[in-house]
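Here is a quick tour for someone meeting this structure for the first time. Have a look at the sequence and the model, then read on.

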Amino acid sequence: MSNNTMNIRLAGVGGQGILVASEILCDVLLASGLDVKKTEVHGMAQRGGTVISDVRFGPKVYSPIVPEGKVDILLAFEQMEALRYLHSLKPGGTVIVNEQRIFPSSVALGKIDYPAEIEKYLMTVAANVISINALALAKKAGSVKAVNVCLLGALATCLNIKEPIWEAVITEKFKGRNLDANLRAFELGREASLTRDLKLGVVIPK
């Protein structure tokens, strides 16, 4: 297996556009001339259950399965989902987390408490953490549905892929429906993450 394979895990809850985001990411990587493989797990998505999509890419990828503890970038669409899949992050890996909190039924019913200070905890255990309020940025862009594209904008700051490739893929995906809002959300997510004073050690594999 190639040692130059990079692993990205997108994790969130049903309805957040995780699968659309992973499709866009795969199309961007393919347009960049890379080999790409993807897997998905849909956990009762319509009831707000966990949804994950693993994307592996590099010069040659032999399997879609991410080895245990080898995720380079965890892109969490919701705070508690960042905690849920933190174990999959490799040492030195990056967590990009949406500050949004979506209460599962057990929390809504008062059976358990939502974990406190998740962002602070992530900062203590992950090498790099980018935390942005993607929901607020999506609203600013003109569509709450653009949270997923906003998070892709943050992810783009960790990958050495030219912005026109991202814009072309997003344009093809959303032409005729909320295109302007999605392009704006991508840019706002990118700008928000670039303002963070972090040492980002993630680059696209050669």
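A word on terms to begin with: a residue is called buried when its relative accessible area is under 20%. Cys26 is buried by that cut-off, because its relative accessible area is 9%. Keep in mind that this is a predicted model.

How many disulfides does a search of the whole structure find? The search comes back with zero. In general, a disulfide is a covalent bond between the sulfur atoms of two cysteines. For Cys26, the closest cysteine sulfur belongs to Cys158 and sits 17 Å away, which is too far for a bond. Cys150 is in no disulfide either, with the nearest cysteine sulfur, again that of Cys158, 13 Å away. Cys150 is also buried, at 0% relative accessibility.

## A covered strand

Now turn to strand S3, which spans residues 50-58. Is S3 mostly covered or mostly open? It is mostly covered: nine of its nine residues are buried. That goes for both faces, with Thr50, Ile52, Asp54, Arg56 and Gly58 buried on one side, and Val51, Ser53, Val55 and Phe57 buried on the other.

S3 has strands to pair with. Strand S1 (residues 6-13) runs antiparallel to S3, and eight bridges join the two. In that pairing, Leu10 stands opposite Ser53. Strand S2 (residues 35-42) also pairs with S3 in the antiparallel sense, over eight bridges. There, Asp35 has Gly58 of S3 as its bridge partner.

## Salt bridges

Side chains of opposite charge can pair when their charged atoms come close. How many salt bridges does the model have? The count comes to eleven.

One of them links Lys120 and Glu117, whose closest N and O atoms are 3.4 Å apart. Both partners are exposed, Lys120 with a relative accessible area of 52% and Glu117 at 54%.

Another pair is Glu163 and Arg190, with 3.3 Å between the closest N and O atoms. As for accessibility, Arg190 counts as partly exposed, at 26%. Elsewhere, salt bridges that share partners join Asp35, Lys37 and Lys60 into one network.

## A buried loop residue

Where does Gln100 sit? It lies in the loop between strand S5 (89-98) and helix H3 (105-108). Although it is in a loop, Gln100 is buried, with a relative accessible area of 19%.

What is Gln100 in contact with, leaving aside its neighbours within four places in sequence? Its contacts are Gln16, Phe77, Glu78, Gln79, Leu135 and Val147.

## How confident is the prediction?

The mean pLDDT of the chain is 89, and 90% of its residues reach 70 or more. Over residues 197-206, though, the pLDDT is below 50. Beyond near neighbours in sequence, that stretch has 26 contacts in the model. Where pLDDT is low, the predicted coordinates should not be read in detail.

Methods:
Residues numbered from 1 in each chain as written. Predicted model: local features only at pLDDT ≥ 70, side-chain atom pairs only at ≥ 80, totals over all residues. Heavy atoms only, no water. Salt bridge = Lys/Arg side-chain N within 4 Å of Asp/Glu carboxyl O. Buried < 20%, exposed > 50% of the residue type's maximum accessible area, 1.4 Å probe, protein only. Disulfide = S-S within 2.5 Å. pLDDT = per-residue confidence, 0-100. Contact = heavy atoms within 4.5 Å. Helix = DSSP H or I, 4+ residues; strand = E, 2+ residues; numbered from the N terminus. Pairing = 2+ DSSP bridges.
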